[in-house]
Amino acid sequence: MSGRTDLSAALAELESAGYESAWSMPASYYADPEILALEKEHLFGKEWVCIGRVEEVADPGDSMAFTLCEQPLVAVRGDDSKIRVFSNVCRHRGAILVDGKSKGRRIVCPYHHWSYDLDGRLAGAPRMEAHSGFSKSDCRLPEYAVEEWCGFLFTTLAENPEPLGPRLEPLKARIGNYHMEQMKVRHLADEIWHTNWKCLIENFMEAYHLSPLHRTTLHPVNPTRLCTHFPAGDAYFGYNAGYSPDLPRSQKGHPDLTDAEADNCVMFAIPPGLVSGCGGDYSSFICIQPETIDRVRAKLGLIFYGDGWTDAEIEKATVLFNDTMSEDKSVLVGLMRGLAANAYARGPLAPADFEGNVFDFYRYFGRRMAAVLHP
Ligand code: FES
Ligand SMILES: [Fe+2]
């Protein structure tokens with residue numbers, strides 16, 4: 001069977017299969033560049049994609065450049081405190097306007113100093129008055145939709161997108177008391193992971209490997225045995241990772257948290273571009289974007305509730321996070337060789353509490369992509 005036929009059969013199975021009869025995907029799901037091109041067009045090019053935290057553009061005049069599906073974009077907080085996302089391409093001759101993060105009353109192109117107001121309007125174009133076919137007042141940067149959700153910043157390349165927030169209400173009900181929107185970034189890292197973007201999401205979102213792979217790092221904190229699956233929605237999926245009662249914890253979270261919530265980390269994905277582990281004291285997240293079939297841009301972060309944290313405590317949490325991620329990374333790099341091997345075959349998934357989110361993610365993919373892959 002060709003890879004695509006194989007995949008077609010696997011996606012068709014998702015309709016009738018349950019968690020108890022689920023199998024992993026054929027290799028072409030991860031290894032076919034044509035599928036990646038379709039994912040970029042139909043998932044990352046149309047869905048809401050998380051680009052980071054709202055506080056990364058905290059004050060009026062703050063801007064943050066980023067890329068989405070090869071499109072250079074920039075998030076800017078305006079004088080009205082609203083965050084907007086614009087094309088990061090100058091309307092004169094196409095220079096990139098903002099590099100990384102910056103601050104300023106205006107966005108000034110480095111090339112010939114055309115300048116733009118924080119709401120995207122062209123404000124200044126030196127020596128251009130004489131041009132007969134150009135009107136400064138008609139010129140502005142193309143703008144894209146923005147949503148803020150629990151302190152995360154989302155944008156989409158789609159025109160007139162369906163709002164994201166209402167589709168996340170059941171998830172918000174699970175994590176509302178953690179007040180992620182009040183948590184502050186204390187660790188942020190841009191990395192390249194040499195794996196398929198879907199492998200990274202599957203890995204972050206399954207509990208089966210927590211105890212075996214993370215034996216000395218995460219297992220003492222969130223062992224596999226304390227994990228439970230919860231029902232997925234159309235735009236999210238996740239599971240609960242209980243904190244081990246054997247380990248003393250700091251309990252610095254929001255006073256709204258119930259005891260049960262304080263003892264639990266809500267692991268959730270808002271595909272295609274965000275996974276997060278929402279804990280009471282602090283939370284982790286990764287913003288994910290594919291570059292090639294085995295190269296992912298990942299922005300990893302830790303956000304902490306409240307100010308009662310010493311540098312040593314932050315450092316300890318960061319080291320635990322980084323060590324855990326290193327363990328994941330080493331397996332995920334090897335996984336790409338395994339998926340490419342002649343002997344690779346689909347394997348059975350563990351029960352819903354442990355690998356149910358892998359199946360939820362397949363189903364999300366099937367809902368969005370089956371018709372595109374096999375019209
Ligand atoms: S390209 Fe930006 S001012 Fe010329
Ligand atoms: Fe892991």
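Helices (H or I, at least four residues) and strands (E, at least two) are DSSP runs, numbered from the N terminus, and Lys 40 lies in one such element, helix α3. The structure is a predicted model, in which local features need pLDDT of at least 70 and side-chain atom pairs count only at pLDDT 80 or more, while totals for chains, interfaces and linings use all residues. Residues are numbered from 1 along each chain as its sequence is written, and chains are lettered from A and ligands numbered from 1 in the order in which they are written.

## Overall form

The secondary structure of the protein comes to 9 helices and 17 strands. The protein is as compact as a globular protein of its length, because its radius of gyration (taken over C-alpha atoms) is 22 Å, close to the 21 Å that the globule rule gives for 375 residues; that rule is 2.2 Å times the number of residues to the power 0.38. Along the principal axes, the C-alpha trace spans about 70 × 55 × 35 Å. Two residues are in contact if their C-beta atoms, placed from the backbone, lie within 7 Å, and among contacts between residues at least 6 apart in sequence, 63% join residues at least 24 apart.

## Domains and their contact

The protein is divided into domain 1 (3-47 + 169-373) and domain 2 (49-156), with bounds that come from an automatic or database domain assignment. Taken over C-alpha atoms, the centres of the two domains are separated by 31 Å, and 20 residues of domain 1 are in contact with 12 residues of domain 2. On the side of domain 1 that touches domain 2, α3 (33-44), β11 (184-193), β16 (282-292) and β17 (295-304) each supply at least two residues, and β17 gives the most, with 3 residues. By class, this side has 10 nonpolar, 4 polar and 6 charged residues, where Ala, Val, Leu, Ile, Met, Phe, Trp, Tyr, Cys and Pro count as nonpolar, Asp, Glu, Lys and Arg as charged, and the others, Gly among them, as polar.

Lys 40, in α3, is in contact with Gly 45, Cys 69 and Pro 290, leaving aside its neighbours within four places in sequence. A residue is buried if 20 or more other C-beta atoms lie within 10 Å of its own, exposed if 12 or fewer, and partly exposed in between, with C-beta atoms placed from the backbone; Lys 40 counts as partly exposed because it has 18 C-beta neighbours inside 10 Å.

## Burial and the nonpolar core

Buried residues make up 40% of the 375 residues in the protein. Helix α5 (residues 197-204) is mostly covered, since 8 of its 8 residues are buried, including Trp 197, Lys 198, Leu 200 and Glu 202.

A nonpolar core is a set of buried Ala, Val, Leu, Ile, Met, Phe, Trp, Tyr and Cys residues joined through C-beta atoms within 7 Å. The largest such core has 98 residues, and those with the most contacts inside it are Ala 75, Leu 200 and Ala 269. Helix α9 (residues 352-373) provides the largest share of this core, 7 residues, and the core draws at least three residues from each of domain 1 and domain 2. Not counting residues up to four places away in sequence, Ala 75 touches Ile 51, Val 57, Ser 63, Met 64, Phe 66, Ile 83, Val 85 and Leu 153.

## Strand pairing

Two strands pair if DSSP finds at least two bridges between them.

| Strands | Bridges | Opposite residues |
|---|---|---|
| β2 (62-68) and β5 (101-103) | 3 bridges | Ser 63 and Ser 102 |
| β2 and β3 (71-77) | 6 bridges | Leu 68 and Gln 71 |
| β4 (83-87) and β9 (143-149) | 2 bridges | Phe 86 and Glu 143 |
| β9 and β10 (152-156) | 5 bridges | Glu 148 and Leu 153 |

In the hairpin of β2 and β3, which has 2 residues between the strands, Cys 69 takes a positive phi near 50°. The hairpin of β9 and β10 also has 2 residues between its strands, and Cys 150 in its turn has a positive phi of about 50°. Cys 150 counts as buried, with 23 C-beta neighbours inside 10 Å.

## Other backbone features

Arg 127, in the loop between β8 (122-124) and β9, has a positive phi of about 65° although it is not a glycine. Arg 127 is exposed, with 7 other C-beta atoms within 10 Å. A cis peptide bond, with omega about 10°, joins Pro 271 and Pro 272, and Pro 272 lies in the loop between β14 (264-270) and β15 (274-278).
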